[in-house]
Structure formats: structure tokens, C-alpha cells
Amino acid sequence: MIPDTLSVMDVDSISSIAAAAPSMILSETEPWVQPLANVLGPFLNIFSFAMLCRVVISWYPTANLNEVPFNLVVWPTEPLLRLVRGSVPPAFGVDITPIVWLAIFTFFNEILLGQQGLLTMKMKYGI
């Protein structure tokens, strides 16, 4: 048989459990975690998009990379691509270094900031 009303003790215990529930889910973390996630998220997403744009630009070899729409993508990404070009040879005559960097940025974004990423788990559970 289910009682129609809750006793005063039941209401107090339910309200104390409800008040404690957010602190059980979200733990206290170090102060560096949230700012690092706020900086890394946009950085990794912007550079992933820039590398994806570099892949598309590489399909048009006659494009002048010093013109305005292209140089916004080329100038920030070229130093990173130069680092890897010496160690990653072209595949079938195609420069695949933007794909390598796209994979690196996507990997770090998922490992650090993904749904089960290290910084995400640190912010949620204080692990």
C-alpha cells in the first residue's frame, strides 16, 4: 500500500539529497582545467578547419596562395606543414601533410575535449 502523503522526515531527507546531488556529479577541479579547455577547444577546432581547407586548396594547384581568400588559411598553417613535410613523403604525388595535421588535431580534440576526454572527465568528476 502506498501512502498518500509524505511525512516531514521524508521531505527533509529528499530535499537534502537533492541539494547534495549537484556536488556529487560535478566535482571540485583545479583552477587550470576550465581555462585550458576554453583555449584548447577553439584552437583545435580552428586549426582542424584550416587543415581541412588546406586539403581542399591542394585540389586546385593553380590557385595563387598569396591572394586574400587563400592566404587567410595558408599563412597560419604553413609553419606547421613545413615541420612535417620533410618526414612525410608525398603519396602518389600528393602532399598529405595537411591530412596528417588534421588527424593530429582531431585526435587531440577527442582525447582531451571529447565526450569522454581527459579534461572533460576532470571537469565533470574531478578524476
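Arg-85 counts as partly exposed, because its relative accessibility is 30%. Arg-85 lies in helix 3 and Asp-95 in the loop between helix 3 and helix 4, so this pair ties together parts that are 10 residues apart in sequence. The tie is a salt bridge between the two side chains, with a distance of 3.0 Å from N to O. Asp-95 is partly exposed as well, at 28% relative accessibility. All of this is read from a predicted model.

Arg-85 also meets the side chain of Glu-78 in a salt bridge, here at 2.5 Å from N to O. Is Glu-78 buried or exposed? Its relative accessible area is 17%, so Glu-78 is buried, the limit for that word being under 20%. These pairs belong to a network of salt bridges that links Arg-54, Glu-78, Arg-85 and Asp-95.

Arg-54 leads on to another residue, Thr-77. The side chains of Arg-54 and Thr-77 are joined by a polar contact of 3.0 Å. Thr-77 lies in helix 3, which covers residues 68-85. Thr-77 counts as buried because its relative accessibility is 0%. Which residues does Thr-77 touch, leaving aside those up to four places away in sequence? They are Phe-47, Ala-50, Met-51 and Arg-54.

Phe-47 and Met-51 are also among the nine residues of the largest nonpolar core. Helix 2 (33-57), helix 3 and helix 4 (97-113) each supply at least two residues of the core. Phe-105 shows how some of these members meet. Not counting residues up to four places away in sequence, Phe-105 touches Leu-44, Phe-47, Met-51 and Leu-80, and also Phe-43 and Ser-48.

The last stop is a salt bridge elsewhere in the chain. How many salt bridges does the structure hold? There are four. One of them joins Glu-30 and Lys-122, whose closest N and O atoms are 2.9 Å apart. This pair links distant parts of the chain, 92 residues apart: Glu-30 sits in the loop between helix 1 (8-25) and helix 2, while Lys-122 sits in helix 5 (residues 118-125). Glu-30 has 35% relative accessibility and therefore counts as partly exposed. Lys-122 has 15% and therefore counts as buried.

Conventions
Residues are numbered from 1 along each chain as its sequence is written. This is a predicted model: local features need pLDDT of at least 70, side-chain atom pairs count only at pLDDT 80 or more; totals for chains, interfaces and linings use all residues. Side-chain values use heavy atoms; hydrogens and water are left out. Helices (H or I, at least four residues) and strands (E, at least two) are DSSP runs, numbered from the N terminus. Buried means under 20% relative accessible area, exposed over 50%, partly exposed in between (1.4 Å probe, protein chains only). A polar contact is a pair of N or O atoms within 3.5 Å; within protein, one must be able to donate a hydrogen and the other to accept it, and residues adjacent in sequence count only if both atoms are side-chain atoms. Contact means heavy atoms within 4.5 Å. A nonpolar core is a set of buried Ala, Val, Leu, Ile, Met, Phe, Trp, Tyr and Cys residues joined through side-chain atoms within 4.5 Å.
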